[in-house]
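Dear colleague,

Please find the structure below, handed over for your records. My notes on one helix and its surroundings follow.

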Amino acid sequence: MKVALLMGSDSDFPRLEDCVATLKDFGVPVTARVMSAHRTPEDVVQFVETDGPADGVRVFICAAGGAAHLAGVVAAHTNLPVIGIPMDNPPLGGLDALLATVQMPGGVPVATVGAGRGGPINAALLAIRILAISDETLAGRLAEFTKSQAAKVHSKDAALQAKLSNS
Ligand code: RP5
């Protein structure tokens, strides 16, 4: 089972590298493609309806900025889960993309993550959680991730306490 990361432009990619890295860290195969709801609409439909699923794609992550219609168009052409990442582009800083991605009409769901640095990571983790429902190995890796994340916070807290007690 594979995740497809679609982005509206190659200019989005530098802010999506954490998404790809997170999927790879969990051993989830990922296909990343530049594909635009506005500039290449036929390519989007071909990939979402036919080529992606034939290649094993089971979750779509769609990143776009500005008038961000990519996730919504993808969701209109598939019954697979779709996760939208609003890109924080100037001049509106991502509020435009956030509203465009999250405000879907009832009946066409897009699970929208936050604009900004956490969004791409959370999109990957949400896709992993979806796949982990039917994959025990992946579920085990998620449990380890959660534990190690908590351990990092505990050690940062311990370091802060040590610093404060010495000042
Ligand atoms: C959106 O337009 C893309 O997702 C990108 O965030 C934005 C700008 O694209 P470029 O003009 O940089 O190609 O569709």
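In α2 of this predicted model, the buried residues are V44, F47, V48 and G52; buried means under 20% relative accessible area, exposed over 50% and partly exposed in between, with a 1.4 Å probe and protein chains only. These buried residues pack against β1 (2–7), β2 (30–34), β3 (57–65) and α3 (70–76), where contact means heavy atoms within 4.5 Å. Helices (H or I, at least four residues) and strands (E, at least two) are DSSP runs numbered from the N terminus.

Helix α2 covers residues 41–54, and at 1.5 Å a residue its 14 residues should span 20 Å, which agrees with the 19 Å between its end C-alpha atoms. The expected span is 1.5 Å times one less than the number of residues. A kink of about 50 degrees is centred on F47, the bend being the angle between axes fitted to the seven residues ending there and the seven starting there. After α2 comes G56, with a positive phi near 95 degrees.

The structure holds two aromatic pairs (Phe, Tyr and Trp rings, the last by its six-membered ring, with centres within 6.5 Å; planes under 30 degrees apart are stacked, over 60 edge-to-face, the rest tilted). One of them, F47 with F60, is edge-to-face, at 6.2 Å centre to centre and 75 degrees between the planes. This pair links F47 in helix α2 to F60 in strand β3, 13 residues apart. F47 is buried at 5% relative accessible area, and F60 is buried at 0%.

Residues are numbered from 1 along each chain as its sequence is written, and side-chain values use heavy atoms, without hydrogens and water. Local features need pLDDT of at least 70 and side-chain atom pairs count only at pLDDT 80 or more, while totals for chains, interfaces and linings use all residues.

Kind regards
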